[in-house]
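User: I am new to this structure and would like to learn how to read it. Could you walk me through its features, one at a time?

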Amino acid sequence: MTEITLIDAVNMALARAMANDKNVILLGEDVGANGGVFRATAGLQERFGEARVIDTPLAETLIAGMSVGMSAQGFRPVFEMQFMGFIYSAVDQIINHASRLRNRTRGRITCPLVLRAPYGGGIHAPEHHSESTEALFAHMPGLRVVIPSSPARAYGLLLAAIQDPDPVVFLEPKRIYRMVKQAVEDNGEALPLDVCFTLREGTDISLVTWGACVHETLQAADELDKLGISAEVIDLATIKPLDMQTILQSVEKTGRCVIIHEAVRTGGVGAEIAAQLAEQGLMFLMAPVQRVTGYDTVMPLYRLEQSYMIDVPRIVETVKQTMEYA
Amino acid sequence: MSTVASFEINYTQFLNENSEVCQPLPPFAEDPSTLISMYQDMVLTRVFDKKAIALQRTGKLGTYPSSLGQEAISVAVGHVMQSNDVLVPYYREYGAQFLRGVSMKEILLYWGGDERGMDFQGPREDFPICVPIASHGPHAVGLAYAFKLRKTPRVAVAFFGDGATSKGDFYESINAAGLWNLPVVFIINNNQWAISVPTKNQTHCETIAQKALAGGISGEQVDGNDIIAVRHAAEKALEQARNHGQPSVIEAISYRLCDHTTADDASRYRSDDEVKAAWEKEPVLRLRRYLEQQGHWDEAKEKQLLANCTQQVEAQVNLYLDTPPQPPESMFDYMFETRPHDLNQQREYFKNRVK
């Protein structure tokens, strides 16, 4: 079994899904001959043909909207939005149509589609390429929102997203597309879409995070360990629905929680987790829930990008502050 | 300098506003039963419409958009669609929807605030009406792409108002339809008004039909109050789409004789004189006069038809009014095929509260 990157795992899952089900169709800008700007779909048009791997016109509303039409006819479109900043004209289709058609028609018309998009900063990309707006989608009824943080989870979660009978927003942390390699078996096994992954067990504090931040959080946990603080690290992975049970069980054990996300602070998914901890886990808590998040600013251009990004010292510092309460 | 492209847009009318035949009729119009059938369907649509407004005015229906004056367009298209084609309507196509087997009860349920009105028991693959303007254009493209992939001779037919053609969604749709030679037909009900904004304030184009050229597909204009012209164009367009993968745009010029919806008051932005003049061109009277001239229609038949339509509408209204309400917790039940844990908890909480 060779070791592969997260982007390779995405490609492997797409190929597996297409081989297993002829109704799986890929579409988007530059997904065909070019294999996607990050190569997520490399080789797939060659293998599965132009009819099933569609290079669309440069029109995001069309891409999302025609996916709604195709999914209504029993296809399983997996469409790529090239960057997060280009996603918004497709959001009308996701919010007004894909997420609602099942409910509107009382189950008569459904939308088993997947929106794939690279998201997040840290790669010195141009303007409008680096945002983390997962909370927009998490706020919308009728959607599932998934963010993988390792090759194996990317493979299993993407297969699950494609098999799911409802629309799934699948956001890929592009900073870690090629950061780590991992042995992933191409066994076609999907992961559940409603369960967090506990990546590291600990007893003093629960660190809840997702996407590329998982890596800084794991590094922070290593450093904290040297300071005698035992941190549990949870990769949220399924942003919606939230697996609060796993988080609550962890916090019951540790009594403390820090949430780490790259997205802006106000109205972020971290706020929802903190609110649910306040509702259901207050009695477990020995310290206030803290958040380490992006600032409520426009994502800076790349010269200032690192000032926005979350680094290990910021996580360690916040954990230390939390530990001081009790 | 040389011309690299040029265009012309054709306009078709068979029956002018005085119900006079202004050019040789197409073969289907030589058969009186076809014309009578379309006439009956227009009248039925109008009777339904009038009743729906009455229901709204008496508090038995929510906000309702009427199709008054525009019946010829949807009835003509409904007549030429095949049952396995897919209709992607906006919200003034009751005539086509009835012909396709959507019941009046379902339309009333929808505007009466009940989602079950979108669960059509007849045409299971037809889309429900689309409120966000033009956003259904890409759906028709996706449907047509699906038909093409499956190699089935089906057509997606999408309706838009004139205002919708100002939106990017519309351009993105015709562009893709042309690019991929998809079996899709775009029908524009140019009823002259997008709520309060007249067509002349939507676009500098002389016609909406010419917007088709931006997608590399053909566009034509017809008198949308002449059902023979609409049917003639639609028949041709569907055949071209179905058998040759040639999508097209039909701009049918009509007039919105009604308010935008029952929540609108059109007298705020247009003159009575304009509306009065538009009544002279309306489609139902136009065909009736022609049928009468040809000896195929008379007062007695008209009376009988109105009685039949009224009876049919009343029966459906009663079915609508007698429909038991949905259980309140049904709002949770169609969000996902399998309800996630958190939504289950909310549903349980809700059920306990409303007990």
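Analyst: Gladly! Let us begin with burial: a residue is buried if 20 or more other C-beta atoms lie within 10 Å of its own, and exposed if 12 or fewer do. Keep in mind that this is a predicted model.

User: Which residues of α6(B) are buried?

Analyst: In α6(B), the buried residues are B:Asp169, B:Phe170, B:Glu172, B:Ser173, B:Ile174, B:Ala176, B:Ala177 and B:Gly178. Their cover includes α3 of chain A, together with α5 (137-149), β3, β4 and β8 (248-253) of chain B.

User: What does the chain connect by way of α6(B)?

Analyst: β3(B) and strand β4 (residues 184-190) of chain B are paired in the parallel sense, over six bridges. One of the residues to look for is B:Gly161, whose bridge partner in β4(B) is B:Asn189. From β3(B) the chain crosses through helix α6 (residues 168-179) of chain B to β4(B), forming a β-α-β crossover that is right-handed.

User: Which strand is joined to β3(B) by three bridges?

Analyst: That is strand β2 (residues 86-88) of chain B, and the two run parallel. Here B:Val86 stands opposite B:Ala156 in β3(B).

User: How do I read the two faces of a strand, and which residues lie on each side of β3(B)?

Analyst: Look at each side in turn and ask what is buried there. On one side of β3(B) are B:Ala156, B:Ala158 and B:Phe160, and on the other are B:Val157, B:Phe159 and B:Gly161; all are buried, and both faces are covered. Counting along strand β3 (residues 156-161) of chain B, six of its six residues are buried.

User: What span should helix α10 of chain B have?

Analyst: Helix α10 (residues 299-321) of chain B has 23 residues, which at 1.5 Å a residue should span 33 Å; the end C-alpha atoms lie 32 Å apart, which agrees.

User: Now for whole chains. How many helices and strands are there in chain B?

Analyst: Chain B has twelve helices and eight strands. Its radius of gyration is 21 Å, close to the 20 Å that the globule rule gives for 355 residues, so chain B is as compact as a globular protein of that length. Of those 355 residues, 48% count as buried.

User: And how many helices and strands does chain A have?

Analyst: In chain A there are twelve helices and 14 strands. The radius of gyration of chain A is 19 Å, close to the 20 Å from the globule rule for 326 residues, so this chain is as compact as a globular protein of that length. Buried residues make up 58% of chain A.

User: How many residues of chain A are in contact with chain B?

Analyst: Contact with 32 residues of chain B is made by 32 residues of chain A. The elements of chain A that give two or more residues to this side are α3 (60-72), α4 (88-98) and α5 (101-104). α3(A) gives the most, with nine residues. By type, the side of chain A that touches chain B divides into 13 nonpolar, twelve polar and seven charged residues.

User: Can we end on a single residue? Where is A:Leu242?

Analyst: A:Leu242 is in the loop between β12 (238-240) and α9 (244-254) of chain A. A:Leu242 is buried, with 21 other C-beta atoms within 10 Å. Leaving out residues up to four places away in sequence, A:Leu242 touches A:Glu272, A:Ile273 and B:Asp342.

How values were computed. Residues numbered from 1 in each chain as written. Chains lettered and ligands numbered in written order. Predicted model: local features only at pLDDT ≥ 70, side-chain atom pairs only at ≥ 80, totals over all residues. Contact = placed C-beta atoms within 7 Å. Helix = DSSP H or I, 4+ residues; strand = E, 2+ residues; numbered from the N terminus. Nonpolar A, V, L, I, M, F, W, Y, C, P; charged D, E, K, R; others polar. Expected span 1.5 Å × (residues − 1). Rg over C-alpha atoms; globule rule 2.2 N^0.38 Å. Pairing = 2+ DSSP bridges. Right-handed = clockwise from strand over helix to strand, strands pointing away.
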